[in-house]
Amino acid sequence: MPVTEAGAAGDTAGREGLLRRTAHLEIPFPGAVSPAVGKARLHTLRWLGEFGLLTGEAALEEYDALRLERAMARFYPRAADEDLMLATDVNGWFFVFDDRLDGPSGRRPHDVTRLVDRLVRVMDGRRPPSGVPADPLVESFRDLWHRVNEGMPPVWRDRFRGHWHGYLLAHHREALNRSGARLPTVEEFLAARRHTIGIQPCLDLAERCGRYTLPSGLHGGRPLREMRRITDDVAIFVNDIVSLDKELAAGDVNNTVVLLRHGTGRPLPDCVREIGAAANGRVARFRELAARLPGLLEAAGVPRRTRAHVEDYVDGMRNVMRGNLDWSLESGRYDEAGVAAVSGGRLRPWARPPEAGGPEHEAGAAAGAGTADTVRT
């Protein structure tokens, strides 16, 4: 397939290319990092080890280089320590799940459907299917699901479940993209990618960290609905620009830059600039909506306390857009080492399903927990 040709990235490869591709992105929101980031990092490394998602020193060090806790510390810079630790657990699980689907199972729609069904069963409170071996990914998700939903009101739990349901089911569409003969257009791809980018559950966690729940009428009405869609798209476009080398190396077509190049035949740098311009245009629209929102809420008679919650939620969207970019540039996921980690058919250590992982997966908690305290600080 043309998108996997050697050298396709041209002058966009490497750290210099990463900085050059992102230089024209305009996301003029302030960034901040929670002071609890170090505590959250250690907590999540231990949690991943206890569930057998990270086993052995080499896997732990490779994961730690991604600095995933800093993404959550940027998304929720004012969160209480325990809330940030929960968010970093969710994010750690998210990336283990995402990387598993970067492997061969992510190109087999039936395998994706089977895994997603097991996770949906957890969300619905149903028992696991009989005769199916335990999977650390499923059991750790069960732990997360209980902890995240505990103490939250029904309206929030229903919303959170709906967003996770959409996130999980959309991965079947991406598996078809990887395995099918016809690639989607950018717009077709975005319809599913707005779910698999996982931003809506992140915004739900902004409510949880802020100790409030927005009324359904405000959450689902204008302009917040459009602002959430913009946040999805900005995160997608930024992610696709920064992860371009990684996707090209792995032969993954689920990237708007790759799909634009495939559909138009234009040079890759031109496609990068167009996707970057799309991100900037959406940020500009978000700022217009945010500027008008306080007046709209006041005119509608929304109580002052609820208006403060809405402003916190909007600030959460700003944190996600800015934090996603800032984290991407400081993480080892998209630099030369990150690209090498998925080149030539290599999988991340945590990306192998249990049946393919060998004895280290059976070792589980003991191996992972034994290394969590030894990582660099």
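Visitor: Before we look for disulfides, what counts as one?
Guide: A disulfide is counted when a pair of cysteine sulfur atoms lies within 2.5 Å. Please keep in mind that we are looking at a predicted model.

Visitor: Why doesn't cysteine 209 form one?
Guide: The closest cysteine sulfur to that of cysteine 209 belongs to cysteine 202 and is 10 Å away, which is too far for a bond because the pair would have to be within 2.5 Å.

Visitor: Switching topic, which residues touch the most other members in the largest nonpolar core?
Guide: They are Tyr76, Trp93 and Trp164, in a core of 106 residues. Helix H15, which covers residues 268-299, supplies the largest share of this core, with eleven residues. In soluble globular proteins, nonpolar side chains tend to be buried together.

Visitor: What does tryptophan 164 touch, then?
Guide: Leaving aside residues up to four places away in sequence, tryptophan 164 touches Val90, Trp93, Met123, Phe141, Trp145 and Pro201.

Visitor: Where is threonine 44?
Guide: Threonine 44 sits in helix H2, residues 37-50, and is buried, with a relative accessible area of 4%. If we again leave out residues up to four places away in sequence, threonine 44 touches Tyr63, Met85, Thr88 and Asp89.

Visitor: What about the backbone, say the peptide bond between arginine 222 and proline 223?
Guide: That bond is cis, with omega at about 0°, and proline 223 lies in the loop between helix H11 (216-219) and helix H12 (224-242).

Visitor: And what is phi for arginine 67?
Guide: Phi of arginine 67 is near 55°, a positive value in a residue other than glycine. Arginine 67 is placed in the loop between helix H3 (57-64) and helix H4 (68-75), and at 33% relative accessibility arginine 67 counts as partly exposed.

Visitor: How about arginine 211, what is its phi?
Guide: Arginine 211 has a positive phi of about 60°, although this residue is not a glycine. Arginine 211 is found in the loop between helix H10 (199-210) and H11, and is exposed, with a relative accessible area of 51%.

Conventions: Residues numbered from 1 in each chain as written. Predicted model: local features only at pLDDT ≥ 70, side-chain atom pairs only at ≥ 80, totals over all residues. Heavy atoms only, no water. Core = buried A, V, L, I, M, F, W, Y, C linked by side-chain atoms within 4.5 Å. Buried < 20%, exposed > 50% of the residue type's maximum accessible area, 1.4 Å probe, protein only. Helix = DSSP H or I, 4+ residues; strand = E, 2+ residues; numbered from the N terminus. Contact = heavy atoms within 4.5 Å.
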